[in-house]
Amino acid sequence: MKRIEAVIKPFKLDEVREALAKAGLKGMTVSEVRGFGRQKGHAELYQGSEYQIDLLPKVKIEIVVSDDSVDEAVEAIIGAAWTGEIGDGKIFVSSVDDAIRIRTSERGESAL
């Protein structure tokens with residue numbers, strides 16, 4: 001099993017969720033986060049004063065999928081989150097040793 005974490009622009013969340021659903025992937029955890037990468041924030045004007053915004057709002061999506069679904073999930077996220085502009089986000093894939101469904105005590109992929 002693999003955990004896929006994607007940090008994307010907030011306005012792309014619905015498109016990514018729909019793309020993952022079309023790919024047959026169910027269940028996700030979504031968190032509102034703030035951060036920066038190469039874009040390093042931006043300057044804004046407020047009441048005539050300029051100030052620097054270092055941490056930009058993002059959305060972090062976490063899903064756990066079987067090993068054979070990783071490429072499909074990653075492609076769905078890329079296709080839905082892509083704008084072609086800096087700040088589109090990042091995807092991280094890591095291994096998951098086990099998953100347990102609390103209600104039934106199922107383990108492994110059957111717990112997904």
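1. Where is P10 found? In this predicted model, P10 belongs to the loop between β1 and α1.

2. P10 is partly exposed, because its relative accessibility is 37% and that class lies between under 20% for buried and over 50% for exposed. Leaving aside residues up to four places away in sequence, P10 touches P57, K58 and V59. P10 and A81 are 71 residues apart in sequence, yet their C-alpha atoms are 9.5 Å apart in space.

3. The strands form an open sheet of four, in the order β2-β5-β1-β6, and the pairing is antiparallel. At the edges are β2 (29-35) and β6 (89-95), each of which pairs on one side only. On average, neighbouring strands of this sheet are turned by 20 degrees against each other, with direction ignored.

4. Within the sheet, β1 (residues 2-8) and β5 (residues 56-65) are paired in the antiparallel sense over seven bridges. In β5, the residue opposite I4 is I63.

5. Helix α1 (residues 13-22) packs on the sheet and touches β1, β2 and β5. The direction of α1 makes about 10 degrees with that of β5.

6. Helix α2 (residues 70-81) also packs on the sheet, where α2 touches β1, β5 and β6. The direction of α2 makes about 5 degrees with that of β1.

Conventions: Residues numbered from 1 in each chain as written. Predicted model: local features only at pLDDT ≥ 70, side-chain atom pairs only at ≥ 80, totals over all residues. Heavy atoms only, no water. Pairing = 2+ DSSP bridges. Helix = DSSP H or I, 4+ residues; strand = E, 2+ residues; numbered from the N terminus. Axes fitted to C-alpha atoms, helices over the stretch in contact; angles between N-to-C directions. Contact = heavy atoms within 4.5 Å. Buried < 20%, exposed > 50% of the residue type's maximum accessible area, 1.4 Å probe, protein only.
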